[in-house]
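Welcome to this guided tour. Open your viewer, get ready to select residues by number and chain, and follow along one stop at a time.

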Amino acid sequence: MRGKGWWLVGFAAFGVLMALLGLATGSVNIPLRDVWHSLFQAGSGTYDVIVLQVRLPGIITAIAAGAGLAAAGLLMQTIFLNPLAGPGVLGLTGGASLGVALVMLAQPLWATTPLPQDLLITVAALAGAIAVLLLITFADRRVGDGITLLILGLMVGYLCTALVSVLQASSEARALKSFVLWGMGSFAGMELSRLPWIVVPVAIGLVLALTLVKPLNAMLIGDDHARTMGVDVDRVRRRSIWIAGLLAGTVTAFCGPIAFLGLAVPHVGRAFLRSADHRLLMPATILLGAALALVCDLIVRGAWTGVMLPLNAVTSLLGVPVVLWVLLSGKRWAKR
Amino acid sequence: MSAFGPLMQTEELSVGHGRTLLVSNINMELPAGSLTALLGINGIGKSTLLRTLAGLHLPLKGRMLVEGENVHELSAMERARRIAVVLTGRPRTGMLDVETLVALGRQPWTDRWGRTTAADREAVEQALERSGAMHLRDRQVATCSDGEVQKVLIARALAQATPVLLLDEPTAFLDLPNRADIVRVLRSIAHGSNKAVFFSTHDLQLALDLSDRVVLMRSGEGLWQGTSAEAMHSGELGRAFSGSGVSIDPLTGTHRFLP
């Protein structure tokens with residue numbers, strides 16, 4: 001622990017810087033001083049509308065999505081003791097996508113319900129994500145082998161994609177278009193008034209994830225050792241699953257299936273901290289997830305390159321090298 | 001509980017998996033300040049007995065007492081404050097330094113966030129010292145050799161500050177000097193801190209030479225326990241391994257492999 005807490009300060013500062021850059025960058029570049037002015041002395045500035053109405057919702061969405069997916073990835077890597085676990089590879093986002101497709105594409109079915117569409121989508125995505133996680137957990141007890149589990153997760157993901165395609169084939173054009181746009185992944189498109197739908201569940205999930213740091217640490221040296229140190233392993237695992245499902249499901253509901261963020265960010269955190277101690281790694285992962293999502297958002301919106309890119313292409317381009325590095329330095333995760 | 005009575009004992013204990021009974025009617029004692037070795041051939045139930053004592057398996061029958069209290073009536077946390085366990089195999093730790101791993105042993109004593117106090121750090125320091133792992137404290141666990149990892153795991157269990165310490169084959173996969181080193185560490189822990197230390201092993205010679213007491217698991221006959229000298233001289237050791245192609249000299253305890 002000694003001295004490593006400063007990394008957290010560094011990550012947070014980096015995140016704030018990226019957020020400010022995100023607010024400043026776009027079709028109109030705004031000086032940072034004016035961004036500051038709009039944020040903290042709003043009411044008169046020339047750029048208030050752009051900063052607060054247009055850009056701020058996207059920035060907040062990116063922060064929530066990055067933090068949520070990264071924390072979900074860390075929870076899954078620890079409870080499965082598998083460095084390649086993450087919301088994407090284990091089929092959580094696939095399950096959530098299926099849930100979202102059921103709501104967005106089969107709209108006539110829901111037209112009569114008085115519930116808001118946002119609520120329906122959230123609930124459907126959560127149900128999909130948690131259903132897949134429960135399936136994976138069940139399978140993990142049966143096979144107990146990391147690689148088999150990953151392949152199973154990929155299969156579940158493919159299955160969900162196939163079912164989504166079937167739904168797509170039989171849906172009307174307008175619903176299809178909005179679903180396809182959703183599927184490309186984006187932090188944009190949330191109005192200020194809809195933000196609580198993503199911010200509140202993610203905040204709850206993050207706080208709950210932080211309460212698990214002590215038992216998660218014990219589980220790093222195996223379930224049985226953790227049990228002999230007084231940890232109720234099954235309860236911690238169950239809670240982690242619900243929390244990971246809540247985080248990944250909520251984010252997927254509003255931002256689409258985002259690749260690699262959840263898997264890669266915890267590894268970046270470990271590489272900096274040189275520690276898997278969750279008391280540091282969990283907050284570090286949350287901060288880094290938010291900061292790196294903001295970096296992705298900047299690249300997506302054409303900062304530095306001037307070209308607009310799809311979000312999933314950017315997260316994959318940044319995430320794949322991290323995953324390859326983890327695979328090739330397999331020694332760091334000593335075999336069972 | 002007197003300081004000289006057994007720290008842990010079993011009463012008519014039967015262990016096994018589900019319906020498969022492995023050993024029954026175990027009446028065993030682990031006295032304070034002594035190192036006890038658990039010997040027996042593969043598959044006879046050494047691990048199952050240890051895991052049952054550790055509270056990881058339910059006994060099929062009977063009771064186990066630690067400091068006079070029934071193990072299964074204790075909460076997980078109360079149990080963790082009385083019995084520390086080192087299981088076989090190397091934990092798959094990604095990016096964990098030795099000191100952090102050893103400090104995990106303080107979990108039954110720390111607050112809900114796992115914050116360590118000065119007293120906790122002191123206990124970790126002592127545990128590292130006692131197990132001979134002090135020089136490893138800043139190393140990443142993944143870079144340690146198997147023997148070093150074993151010492152680190154023992155330090156972790158020591159940091160838990162329990163009267164009873166159970167170890168499942170702590171010498172497996174180690175070379176001869178490391179095996180001797182580990183058992184010597186266990187012996188000094190038992191004698192130096194008045195703990196009851198119980199370990200399973202396949203190293204007959206090491207067990208006989210360095211442990212105070214021996215528990216033999218024999219197929220069909222239940223358990224035999226006594227001092228190492230008694231185990232040799234009474235011929236019990238020879239009988240426990242009879243028919244296995246190994247002959248054991250009742251005077252020295254040395255074994256020879258029959259062609």
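**Stop 1: a strand in chain B**

Start by selecting Q9(B), which sits in strand β1 of chain B, residues 6-17. Keep in mind that you are looking at a predicted model. Is Q9(B) buried or exposed? With 20 other C-beta atoms within 10 Å, Q9(B) is buried, because 20 is enough to reach the cut-off for that word.

L65(B) is 56 residues from Q9(B) in sequence, yet their C-alpha atoms are 5.3 Å apart in space. Beyond its neighbours within four places in sequence, Q9(B) has contacts with M28(B), E29(B) and L65(B).

**Stop 2: where the chains meet**

Show both chains together. For this complex the predictor gives an ipTM of 0.92 and a pTM of 0.91.

**Stop 3: two crossing helices**

Next, select α3 (residues 48-79) and α9 (residues 196-210) in chain A; their axes come within 10 Å and cross at roughly 35°. The crossing of α3(A) past α9(A) is left-handed. To see where they meet, show side chains including A64(A), G68(A) and A71(A) from α3(A), and V202(A), G205(A) and L206(A) from α9(A). In this helix contact there are ten nonpolar, three polar and no charged residues.

Stay on A71(A) for a moment. The largest nonpolar core has 183 residues, and A71(A) and V152(B) are the ones that touch the most other members. Leaving out residues up to four places away in sequence, A71(A) touches several residues, among them L247(A), M282(A), I286(A) and G289(A).

**Stop 4**

Finish at N312(A), in helix α15, residues 311-328 of chain A. N312(A) is buried, since 22 other C-beta atoms lie within 10 Å. Select P257(A) as well: N312(A) and P257(A) are 55 residues apart in sequence, with 8.1 Å between their C-alpha atoms. Which residues is N312(A) in contact with, leaving aside its neighbours within four places in sequence? They are M184(A), G185(A), I258(A) and A259(A).

How values were computed:
Residues numbered from 1 in each chain as written. Chains lettered and ligands numbered in written order. Predicted model: local features only at pLDDT ≥ 70, side-chain atom pairs only at ≥ 80, totals over all residues. Helix = DSSP H or I, 4+ residues; strand = E, 2+ residues; numbered from the N terminus. Buried ≥ 20, exposed ≤ 12 C-beta atoms within 10 Å, placed from the backbone. Contact = placed C-beta atoms within 7 Å. Axes fitted to C-alpha atoms, helices over the stretch in contact; angles between N-to-C directions. Left-handed = near helix turned anticlockwise from the far one by under 90°. Nonpolar A, V, L, I, M, F, W, Y, C, P; charged D, E, K, R; others polar. Core = buried A, V, L, I, M, F, W, Y, C linked by C-beta atoms within 7 Å.
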